[in-house]
Amino acid sequence: MKRPVIFRSFVVLVFITFLAWDIFPLGEKDFYSVMKTKSVLVGETDADKQKSEETLNQVIAKAQEIQAADKNIYPANAVEQAADSLAIDLKPYLENQ
């Protein structure tokens with residue numbers, strides 16, 4: 001009778017350990033740095049990719065300005081407003097997401 005209780009306790013302990021391990025990286029991250037790492041650079045040549053990286057950096061810089069002016073705006077909304085004000089379509093940068 002004691003053996004199944006010990007086994008179940010062990011299984012529950014292993015489950016809780018894996019659950020805690022999966023939740024561990026959950027935390028606040030900088031939206032703009034994550035956006036930079038997750039975005040896809042558009043272009044076939046290195047020059048095209050560098051130009052698309054510069055464009056993405058312009059959008060992020062403008063979004064940071066917008067967010068600095070209005071502290072109540074979310075970073076995603078600031079990026080959207082920055083892209084609209086610069087007339088840049090962000091869809092190609094976020095294609096495979």
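In this predicted model, Leu 90 is in contact with Met 35, Leu 56, Val 59, Val 79 and Ala 83, once its neighbours within four places in sequence are left aside. Leu 90 also belongs to the largest nonpolar core, which has 15 residues.

**The nonpolar core**
- Val 59, Val 79 and Leu 90 are the members of this core that touch the most other members.
- Helix 2, helix 3 and helix 4 are the elements that give two or more residues to the core, and helix 3 gives the most, with five residues.

**Helix 3**
- Helix 3 covers residues 46-69, and because its 24 residues should span 34 Å at 1.5 Å a residue, the 35 Å between its end C-alpha atoms agrees with that expectation.
- The buried residues of helix 3 are Ser 52, Thr 55, Leu 56, Val 59, Ile 60, Ala 63 and Ile 66, and these buried residues pack against helix 2 (31-38) and helix 4 (75-85).
- An α-helix has 3.6 residues a turn, so residues three or four places apart point the same way.

**The surface patch**
- Val 12, Phe 15, Ile 16, Leu 19 and Ile 23 form a nonpolar patch on the surface, and together they have about 490 Å² of accessible area.
- Phe 15, one of the residues in this patch, is found in helix 1 (residues 2-23).
- Phe 15 counts as exposed because its relative accessibility is 56%, and the cut-off for exposed is over 50%.

Technical notes
Residues numbered from 1 in each chain as written. Predicted model: local features only at pLDDT ≥ 70, side-chain atom pairs only at ≥ 80, totals over all residues. Heavy atoms only, no water. Helix = DSSP H or I, 4+ residues; strand = E, 2+ residues; numbered from the N terminus. Expected span 1.5 Å × (residues − 1). Buried < 20%, exposed > 50% of the residue type's maximum accessible area, 1.4 Å probe, protein only. Contact = heavy atoms within 4.5 Å. Patch = residues over 30% accessible without salt bridge, like charges linked within 9 Å, V, L, I, M, F, W, Y side chains within 5 Å. Areas by Shrake-Rupley, 256 points an atom, 1.4 Å probe, with all protein chains shown as cover. Salt bridge = Lys/Arg side-chain N within 4 Å of Asp/Glu carboxyl O. Core = buried A, V, L, I, M, F, W, Y, C linked by side-chain atoms within 4.5 Å.
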